[in-house]
Amino acid sequence: MERLRVWRIGLLVSLVMLLLAGCSGDPSLSVLDPKGSAAKIQLNLIYWSLGLMTVVFVIVITIYVYVLVRYRKRKGQNRMPEQVHGSTKLEIIWTVIPIAALIALAIPTVQYTFDLAKEPPAKDTVIIDVTGHQYWWEFKYPQYGITTAQEVHIPVGKKILFRIHGKDVLHAFWIPSLGGKVDVVPGRVNTLTLDAQEAKVYQGKCAELCGAGHALMDFKVFAQKQADFDKWLAAMKQPVASVSASSSEANGEKIFKQNCMGCHAGINPNIQGPNLNKFATRSTIAGILPHNDENIKIWLKNPQAVKPGTLMPKIDYLNKDELNDLIKYLDSRK
Amino acid sequence: MGTLIVILVLVLFLAAIFTGGYNKQFQERVRKSRTWDWLTTVDHKKIGILYLMAGLVFFIIGGIEATFMRLQLFVPGNDLFVGRTFNELLTMHGTTMIFLAAMPMIFALMNAVVPLQIGARDVAFPFVNALGFWLFFSGGLLLNLSWIFGGAPDAGWTSYTGLALNQYSPGPGVDFYVLGLQIAGIGTLIGGLNFLVTVINLRAPGMTFLRLPLFTWTAFVTSGLILFAFPALTVALLMLMFDRLFGANFFDYTMGGSTVIWEHLFWIFGHPEVYIVILPAFGVMSDVISTFSKKRLFGYNSMVFATVLIGFLGFMVWVHHMFTVGLGPISNSVFAVATMAIAVPTGIKVFNWLFTMWGGEIQFKTPMLWAVGFIPTFVMGGMTGVMLALPPADFQYQDSYFVVAHFHYVLVGGTVFGLFAGIYYWWPKMFGKLLNETLGKWHFWTFLIGFHLTFFPQHFLGLFGMPRRVFTYQTNVGLEKLNELSSIGVAGMVIGTILFLINIIYTLRKGKKAKADAWELGRTLEWSIPSPPPEYNFAQTPLVRGFDALWVEKEAGNKSMTPAEPLGSIHMPSPSYIPILMSLGFFVAGFGFIVRGIPAAAIGLIIVVVSLFLRSFDYDKGYHVEPEDPEKGGKE
């Protein structure tokens with residue numbers, strides 16, 4: 001009976017394992033599929049520590065299973081076990097061996113900790129100033145004079161120095177595929193050096209509880225080949241083409257100036273929304289919805305329903321034409 | 001204010017009508033009523049039961065909150081509890097489970113067991129003991145009332161400032177957190193002090209420190225940790241209270257404050273707190289494993305040393321919760337190495353447990369099942385603990401579901417399993433009846449399987465990029481199945497807990513009466529006296545002649561302990577209504593501050609001062625009881 005039960009549990013455990021093996025993370029988001037040198041170092045350390053710990057676990061479980069099977073009370077048995085006090089030899093063994101194992105773990109840990117904290121040389125490095133706001137990300141390229149939001153473009157292969165600024169509450173800046181996170185601390189500037197080794201879109205997350213919309217404070221990282229990145233830079237530096245007078249875009253611009261500029265051009269320093277320059281080039285609305293006209297309408301009509309806690313007020317008072325003009329104008333900002 | 005007075009008068013009238021008014025018999029009737037007895041008791045055994053019941057109620061509330069969260073996360077894009085409501089749930093789940101479920105249940109076991117294990121008649125300060133309980137209870141009640149009065153706190157159980165300041169968490173939610181925890185925290189602090197003095201001063205003759213049962217040792221070390229850790233929380237909460245209520249700027253960086261100060265203060269308390277709740281579980285395991293293996297604890301001295309060392313190192317590692325704050329590689333490295341060092345004493349404990357069972361005769365009674373389930377579960381939590389101690393790797397784990405998995409393996413797999421083991425083990429001593437074994441085993445298996453099903457997949461969720469404290473997650477990035485599994489697992493834990501409640505009700509009605517040595521394998525002093533013990537515990541203080549005092553006597557062929565004193569009348573402390581009155585004062589004051597009603601707060605503080613005054617001039621010297629001679633017709 002006992003043995004049967006053990007088998008059944010074993011079966012259950014292996015079933016769960018199989019299920020887990022069946023699904024794996026997405027390459028744009030997974031720690032286990034690193035695409036940057038920091039993430040690779042970190043994964044190495046994860047595997048090294050996991051391996052060491054697995055050895056410990058196997059030893060413990062072997063003794064554990066042996067003891068439980070061998071020394072369980074059997075029917076009709078009434079044995080008086082010897083009242084052992086302990087064993088100095090054994091106790092020294094299981095004190096010294098773990099210490100040795102931990103030293104083997106501590107050396108690369110300290111090494112990597114200092115390595116990751118090193119800042120790359122200023123030339124050959126792209127500096128990006130990141131600011132975490134309640135529930136969106138602002139990216140500034142001081143070397144190029146560009147400001148954007150929710151989507152950050154980086155060249156493949158180059159070191160990127162993120163300087164992370166906090167303004168309101170704590171957030172944490174995390175791109176799992178490229179490397180570990182760092183907190184966004186109000187009143188402090190933290191730095192994080194990352195690089196991407198593959199041209200690809202990676203996902204970024206806010207990892208520190210920052211309020212009602214925390215779960216939706218996502219961003220995207222576009223890692224591009226140097227040539228594509230330069231093209232993007234050039235496009236970003238180009239001023240937005242002015243709209244032709246008396247077109248519906250012109251009407252949209254008027255509506256934008258009346259309703260949106262206050263926050264979205266940084267006129268009011270207390271309420272600051274994302275910079276909407278080049279809005280048409282972005283792939284998402286509010287960092288989460290796919291970019292299309294229908295979603296812009298959904299967002300404008302009730303932002304709270306899309307992203308709880310957002311500071312963006314409802315823009316539900318525009319009539320159909322006004323709304324369409326506004327969207328046309330936004331779509332023209334390339 | 002006016003409404004309050006009207007309601008008060010009405011309540012008094014109603015009370016008068018239902019109780020027959022205030023007359024000569026009234027006082028007598030009240031004094032003899034059972035309710036009054038429980039409300040005013042200073043008996044450590046009854047206070048233990050009060051702690052246990054209150055802890056269980058809060059455990060269920062916290063469990064319901066957790067179930068709601070897992071329901072929301074069952075499928076991506078669910079809209080059951082989103083945004084602020086979800087944040088309220090996660091905040092209250094964490095706060096309730098740590099402060100209002102784990103802590104009181106630990107105090108329940110400490111109250112029920114420590115005086116008995118050291119051969120004492122009560123704790124050192126019975127009055128303070130009662131006060132500690134009532135303060136904890138009024139703090140917990142205040143905190144949970146937030147659900148009704150204006151919304152629960154929603155800044156996380158860590159209540160990181162920035163978010164917890166008025167500007168970002170308007171409304172009374174965080175105020176409830178601040179004042180509720182402050183009041184409950186005072187209760188815990190004085191409770192810890194009480195047990196320190198009790199263990200130092202009230203040990204029976206011959207009960208030297210190196211003969212203390214392991215549970216008492218861990219209770220002792222935990223009390224020491226409480227003494228040094230809780231003041232940090234008190235200070236932090238007071239500063240946050242000033243920031244929120246009186247416009248101070250300790251944590252507002254725009255005014256020269258710093259959020260990092262809160263993080264330091266919180267974790268200087270918060271990390272020892274983890275050991276405060278885990279060490280007693282280690283103690284329970286040591287006692288249970290040794291009892292049901294019918295063997296002396298292997299390596300007692302190193303177990304004691306490991307306990308003290310863990311307690312000490314527990315104060316040296318708080319920055320590992322803050323590796324990503326940006327404190328620099330030097331402090332990160334130092335705290336990483338200190339954290340790894342804790343694995344050594346913990347490992348010693350695990351191996352000593354295994355070798356206690358080695359060569360023993362293991363009986364799988366329910367308490368032992370929990371202990372046996374605890375070992376691999378806790379070892380897994382310890383493994384991820386070491387992995388988390390490595391700063392570069394932690395940059396990936398921090399604030400992801402990996403951390404959620406880790407601390408649930410430690411806190412549920414460690415503390416909760418330990419508490420269940422302790423509750424099943426000492427239930428007969430506390431209530432005089434054995435919990436049902438069949439239901440107990442079902443409880444264990446459903447809970448264990450449900451637990452692993454819930455939390456094992458969460459390791460992977462974290463590694464696949466799911467941050468913690470989120471009310472929803474993306475589709476098509478490999479998170480759906482694991483979340484679904486995790487939510488299904490909750491059912492196992494819910495069923496287990498329901499079976500446990502059924503077991504309690506069944507046992508109270510029909511349970512098998514327990515003998516003094518309820519498991520017939522008792523090794524320590526508590527099993528030498530009747531179950532439940534008489535109010536004075538020991539008719540005669542026992543003489544302790546070695547570690548595992550009762551076992552020593554059993555081996556010498558004695559049926560009971562050798563008394564260390566002649567039979568004589570025993571001095572007992574009088575019950576007192578002042579603890580509950582003083583706690584009521586704190587409750588009213590706390591509520592007053594929360595609703596910004598300074599008059600109400602003043603009334604509350606006046607009640608506190610009046611009760612202090614009453615206590616200072618209370619010349620009650622207690623009373624004497626004549627114990628029944630255990631030799632002649634004493635209760636078995």
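Biologist: Which domains does the domain assignment give for chain A?
Modeller: In this predicted model, chain A is assigned domain 1 (26–70 + 88–238) and domain 2 (248–331).

Biologist: How far apart are the C-alpha centres of those two domains of chain A?
Modeller: The centres lie 32 Å apart. The contact takes 18 residues from domain 1 of chain A and 14 residues from domain 2 of chain A.

Biologist: And which strands supply at least two residues each on the domain 1 side?
Modeller: In chain A, those are β2 (136–141), β3 (146–149) and β10 (219–224). The largest share, three residues, comes from β3(A). By class, that side of domain 1 of chain A has seven nonpolar, seven polar and four charged residues.

Biologist: Zooming out, is chain A spread out or compact?
Modeller: Chain A has nine helices and 12 strands. Its radius of gyration is 28 Å, well over the 20 Å that the globule rule gives for 334 residues, so chain A is more spread out than a compact globule. Its C-alpha atoms fill a box of roughly 100 × 50 × 35 Å along the principal axes.

Biologist: What share of the residues of chain A count as buried?
Modeller: Of its 334 residues, 36% do.

Biologist: New topic: where does B:Leu80 lie?
Modeller: B:Leu80 is in the chain B loop between α4 (44–72) and α5 (83–117). B:Leu80 counts as partly exposed because 14 other C-beta atoms lie within 10 Å.

Biologist: What is B:Leu80 in contact with, leaving aside neighbours within four places in sequence?
Modeller: B:Leu71 and B:Gln72.

Conventions. Residues are numbered from 1 along each chain as its sequence is written. Chains are lettered from A and ligands numbered from 1 in the order in which they are written. This is a predicted model: local features need pLDDT of at least 70, side-chain atom pairs count only at pLDDT 80 or more; totals for chains, interfaces and linings use all residues. Helices (H or I, at least four residues) and strands (E, at least two) are DSSP runs, numbered from the N terminus. A residue is buried if 20 or more other C-beta atoms lie within 10 Å of its own, exposed if 12 or fewer, and partly exposed in between; C-beta atoms are placed from the backbone. Two residues are in contact if their C-beta atoms, placed from the backbone, lie within 7 Å. The radius of gyration is taken over C-alpha atoms; the globule rule is 2.2 Å times the number of residues to the power 0.38. Domain bounds come from an automatic or database domain assignment. Ala, Val, Leu, Ile, Met, Phe, Trp, Tyr, Cys and Pro count as nonpolar, Asp, Glu, Lys and Arg as charged, and the others, Gly among them, as polar.
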